[in-house]
Amino acid sequence: MTAATTSENKKKGFFSVRFRSKFSEDMKLFITNIVFQLLCLPVFAGILIWETHLQNNQIFDRTDSIPFAIIAVIALFLSIGMGFVVPMVNFRYLYNKSIVDMNYSLPLNNRQRFFADYSSGLITYVVPFLIGGIVALIVLLIGSCCVEMDYLMDRIHDMIRIFFIMIIGLILLYTISVFAITFAGSTFEALFSIAAVNVMIPLFIYLTWGNIVEAAHFGLTEKSVTENFTFFTTSPIGVLGFFITYIDEYFVPHDYYTHGRDYNLTKYSFMDSMYFSFMIRSLIVVAVIIVITFLLYKHRKAEDVSKPYVYKAFYYIIMSAAIYSIITIMKMTAIESGLIAALIISGILWFVMEVIRRRGFRRFWTAIISFAAASAAVIGIIKVIELTDGLGRPKYIPSASLVSDVEVEIWGYGDIMNGKTILHDKQIINDAIKLNKEMIDRHYKPEKYSYDISDYRLSHDGEVYNGTKRMNYDIDSQQIRLTYYTKSGSAIVRQYYVPSEMLTDICCDIYTNKEFAENETKEIYYNSLRCEGIINEDVSCDIMNADYCDFSFNDKLGVSKNIELSPEEGKELTEALCRDYVAMTAEEFKNAEFYCYIEEMMINSACHETLSFFEEHDIEYKMTGEELLDEIDTYSSPVTVSPAPEYVFPLMYFKDYNYPDDYSFDYSDDFDSFSDECIKLDSIFNMELYRGRSYSHYGKKKHFEFTDTNAVERLLEAATPLVTGEKVLAEVQIGSITLFITERTGNDMMIEKARDSIKIVDNKTGEEFDPDLYYEQSYSK
């Protein structure tokens, strides 16, 4: 018993001996890697200090740091490349017959030998990066004592998080490389396996999602794969994707930056929730790969060295993945005969690798059979994805209980909705899921609805789908992207063109959300800060140095005026606006009367504190019909009133202008003019002045006059850019601005009175024309 115990202790002691021995063998690589790292991260830190010094002194024409940046980049790539070299050196006995017997004959079991070799190599590869990072941090701390760089020093915590993302990438690269070597029996196979596994894993994931998106179309976007843990945590390339996304989404805009002013807006970023999930999942993936690698390693024998691929299944999986990638890429290019070309390219690659693996043409007919089987399997997988509508992914929506946040982007309603609006509010999450479910239902069960979404033009290229009921009509729609951030830290992205009426609930709830109101009003305030003598708005002007606030007010015709207030008054105004919207309910927002805009925020009759502020400071916020009509006098904008849905008629007003004959009132043969008509739904949603409607300059030979200006003034008073789920009786287009007349009591008669007051008059002869007759003649062509 004593002898057995002594023998076991000796074996345990041999693990440390093996570890020290391997690390001693790796010492040259270790020192080389340290040199690479000292030429990398600390040099980048020095460049950062120097560039900050130049910027602080308003020096922008120096290029001193470029050579050092090149050196640092080269050193970085060389250091990363050590992730291939170190495992090849530490596990070279797996593919080198001359040293395999010596390594297997040592008094070590498989577990001791494997983990001693793995851990010594990992230290050789990763520790120099840690040393370089510590030195870089010391350089930054010393530099901060000499150069003012408070902003950067405030981000040390974020830099450390980014540093650990890079470490995860290095560990994953090293571990996957060891995993790939386990399958190899020769040097070439080891190199090929390392490159193939590190490339094929992220490529396979990305192309599979591409196949799903292409097969399903509806609601899916390639953006989803770049916010997915399966992609991020399974390869070094995936970690690089997470690193870039983290820098872009979190590190740069963590403090909102606009017009040179830096301030904290507490805007939430999904990277906060994803970071720790990413770290944990990546470490789990690393652990799983280590376990699998050890199990494969344990079953290898010394006589397997120099054999063609010890585990042939691995080889065929890699080669099949290569065929899958080639076919998918050719398929995505939409080239005719792309499948045939892909099979030819794949066949050449397959047979070249078979000759190398078989060390000749022995039993080569089996290579033809294996290629045919792999190609059939790949094509079958792609066909299954197509036949199952992208494996059913378009129909998947996460449960509200699993979602922590939702990001909403809507194109077409100005910057206020065009930017990323990420909110925690459960009501908005429920609104998003409700909208998502209805879109899916409309797509897959169109017979339940009065109009079919697929019947109308809802794509970027304006394509009209087959079976269109009214092919020359567009539906009133907007594009929306919904990103659900789950409590586990993953992201699910869906993107649609939706009828505008479906946006009513979610947009009204967003606009009256506390977090949204606080962020937007803070942005308005900080954007308004100005310093005396500085005209350039891109020059920083913070709260402490601001002399005044400059707010831009826009009425419903887009005419702007600037109001200057003191910084204290500006803060009072924006805080009052914030309180108004926090107190406002969605129903109050829907029913309130529109007055004007402050930047992108609407001022309506429910903004009680804001209106009180305006009255105290004698700020006009509501334009009368007469004032609005005078504004049209000032601008030579064509005006069109389009009653919905049966007919439209042009209403143009050029008062006190004599135009040259640049354009003819009547269409000439070479003048291509058209007007996009829109299906008017039972209700629409709109909150933007500029809707992108097409219009033509009809006049410059004729002009419009009004016999009843009061009727037109009443029309302008009733017209509004804000429609929240109401039926529209008419659109009023003034140049590029679109206003709406909603279905309310008396509005139909008001439109008719405005029409009856119009007459077209020839500038030279004074001859009058009937607008309705003109319209019929013009649009019957």
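This is a predicted model: local features need pLDDT of at least 70, side-chain atom pairs count only at pLDDT 80 or more; totals for chains, interfaces and linings use all residues.

1. A residue is called buried here when its relative accessible area is under 20%. L172 has a relative accessibility of 0%, and therefore counts as buried.

2. Overall composition. The chain contains 26 helices and 22 strands. Of its 781 residues, 52% are buried. Taking the contacts between residues at least 6 apart in sequence, 71% join residues at least 24 apart.

3. Surroundings of L172. This residue belongs to helix α8, which spans residues 156–181. Leaving aside residues up to four places away in sequence, L172 is in contact with T233, T234, S235, P236, V239, V285, V286 and I289. I237 lies 65 residues from L172 along the chain, yet their C-alpha atoms are separated by 9.7 Å.

4. Helix α12, residues 270–298, holds S282. Is S282 buried or exposed? Because its relative accessibility is 0%, S282 counts as buried. With residues up to four places away in sequence not counted, S282 touches I168 and T233.

5. The largest pocket. Its volume is about 1300 Å³. The lining comprises 41 residues, and those nearest the centre are L41, F129, I162, M166 and F243. Which helix supplies the largest share of the lining? That helix is α8, with 11 residues. Other helices supplying at least two lining residues each include α3 (41–56), α4 (66–90), α6 (110–146), α9 (187–216) and α11 (236–251). By class, 36 of the lining residues are nonpolar and five are polar, while no charged residues are present.

6. A four-stranded sheet. Four strands make up an open sheet in the order β4-β3-β6-β7, with antiparallel pairing. Why is one side of β4 and of β7 left without a neighbour in the sheet? Strands β4 (421–423) and β7 (491–499) stand at the edges and have a single partner strand each, so one side of each has no neighbour there. From one strand to the next, the twist averages 20°.

7. Strand β3, residues 403–411, is joined to strand β6, residues 477–486, by eight bridges, and the two run antiparallel. Within this pair, V403 is opposite T486 of β6. Helix α17, residues 426–444, packs on the sheet and touches β3, β4, β6 and β7. The direction of α17 makes about 65° with that of β7. Helix α18, residues 504–511, lies across β3, β4 and β6, and runs at about 105° to β3.

8. Strand β11 and its partners. Strand β11, residues 594–598, is mostly covered, since five of its five residues are buried. Two bridges connect β11 with strand β9, residues 548–554, in an antiparallel arrangement. F553 has I598 of β11 as its bridge partner. Four bridges connect β11 with strand β12, residues 601–604, and this pair is likewise antiparallel. Y597 is found opposite M602 in β12.

9. The hairpin turn. How many residues lie between the strands in the hairpin of β11 and β12? There are two residues between them, and E599 in this hairpin takes a positive phi near 55°.

10. Positive phi in two loops. L391, a residue other than glycine, has a positive phi near 60°. This residue sits in the loop that connects α15 (365–387) and β3. L391 counts as partly exposed because its relative accessibility is 48%. D618, again a residue other than glycine, has a positive phi near 55°. The loop between α22 (608–616) and α23 (625–634) contains D618, and D618 is exposed, with a relative accessible area of 69%. A reader may wish to inspect the backbone of L391 and D618, given these positive phi values.

How values were computed. Residues are numbered from 1 along each chain as its sequence is written. Side-chain values use heavy atoms; hydrogens and water are left out. Buried means under 20% relative accessible area, exposed over 50%, partly exposed in between (1.4 Å probe, protein chains only). Contact means heavy atoms within 4.5 Å. Two strands pair if DSSP finds at least two bridges between them. On a 1 Å grid over the protein atoms alone, a cavity is a set of points where a 1.4 Å probe fits but cannot get out, and a pocket is an open set with protein on both sides within 12 Å along at least five of seven lines; lining residues have an atom within 4 Å of a point. Grid points are joined across faces, edges and corners, and a volume is the space filled by probe spheres set on the points. Ala, Val, Leu, Ile, Met, Phe, Trp, Tyr, Cys and Pro count as nonpolar, Asp, Glu, Lys and Arg as charged, and the others, Gly among them, as polar. Axes are lines fitted to C-alpha atoms, for helices over the stretch in contact, and angles run from 0 to 180 degrees between N-to-C directions.
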